[in-house]
Amino acid sequence: MQPTAKTASSEICDRIRDDIVAGALPFGSRLTLEQLATRYATGHMPIREALRQLQGEGLVVQTPNRGARVRAVDVEYVRNIFDLRIAIEALLARRAAERIQPEQIAMLEAAEREFEACIESRNFTGALAANRKFHTVAYGAANNPEATSILDRHWRLIAALWNLHGYGEERAPGVISDHHQMIHAFATRDGDVAASLAMAHTAKAKQQLLARMLRKPAAVPDAAD
């Protein structure tokens, strides 16, 4: 079965994003439909849709009469993204603790079991999906789609950066501990603790990813967030 246009554009978008993060499409380089269609062996329509999504993520800058160019994915850019996420995740965690329902707690516990099983089996792609599921459920309970849409904007970029620079298995126990404490805070409706845990959890991720980005040469990818 042939992929739909949406599926094709999503796949192309992922490939372009990975190439930007890896430096294969350098900062400031001009992106043309013809160039990208040739590089990824696809038509112009999936490329146009992928560029629109990447512009929304802030990775591509499109200006009238000048076309599209690659934005730098440097330490300062990533630091700014995480600073924003720290504030938003604290807000959402506090609100989620007030509104979360028992069935959502059960979903968090299931996502965490899945995450831990993937870590144990070194299935880091699966761990990425389970981790994403955990946070989607947790912050979805806050019922603030405007805030969660900001988090959604950059999650694929952050995952690509972990893949490039290396997650580091030593990080997993801390993530697991944080998740268990967050579940307890949600279950007891302790908004102050939930907000503090969310801030600390994201701040640690920021510190660890920036340290890996500053490491020369970059680590061989071994996992994902």
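**Close-ups of a predicted model**

**View 1. The largest pocket holds about 370 Å³ of space.** A pocket here is an open set of points on a 1 Å grid over the protein atoms alone, with protein on both sides within 12 Å along at least five of seven lines. Its volume is the space filled by 1.4 Å probe spheres set on the points, which are joined across faces, edges and corners. This is a predicted model, so local features need pLDDT of at least 70 and side-chain atom pairs count only at pLDDT 80 or more, while totals for chains, interfaces and linings use all residues. Residues are numbered from 1 along each chain as its sequence is written, and side-chain values use heavy atoms, with hydrogens and water left out. Lining residues have an atom within 4 Å of a point; the largest pocket has 20 of them, with R85, E89, N131, R132 and H135 nearest its centre. At least two lining residues come from each of α4, α6 (124-140), α7 (145-165) and α9. Sorted by class, that's eight nonpolar, six polar and six charged, where nonpolar is Ala, Val, Leu, Ile, Met, Phe, Trp, Tyr, Cys and Pro, charged is Asp, Glu, Lys and Arg, and polar is the others, Gly among them.

**View 2. The second largest pocket comes in at about 260 Å³.** Its lining has 15 residues, and D18, R156, A159, A160 and N163 sit closest to the centre. Two or more lining residues come from each of α1 (5-22), α6 and α7, with α7 giving the largest share, six residues.

**View 3. Helices α4 (residues 75-99) and α9 (residues 191-214) cross at roughly 165°, their axes coming within 7 Å.** That angle makes α4 roughly antiparallel to α9 (the cut-off is over 145 degrees). Axes are lines fitted to C-alpha atoms over the stretch in contact, with angles from 0 to 180 degrees between N-to-C directions. The contact brings together 17 nonpolar, two polar and seven charged residues.

**View 4. Three strands line up as β1-β3-β2 in an open, antiparallel sheet.** At the edges are β1 (30-31) and β2 (60-63), each pairing on one side only. Helices (H or I, at least four residues) and strands (E, at least two) are DSSP runs, numbered from the N terminus. Strands pair if DSSP finds at least two bridges between them; β2 and β3 (residues 67-70) pair over four, in the antiparallel sense. Look for V60 opposite V70 in β3.

How values were computed. Angles under 35 degrees count as roughly parallel, over 145 as roughly antiparallel, 65 to 115 as roughly perpendicular and the rest as oblique.
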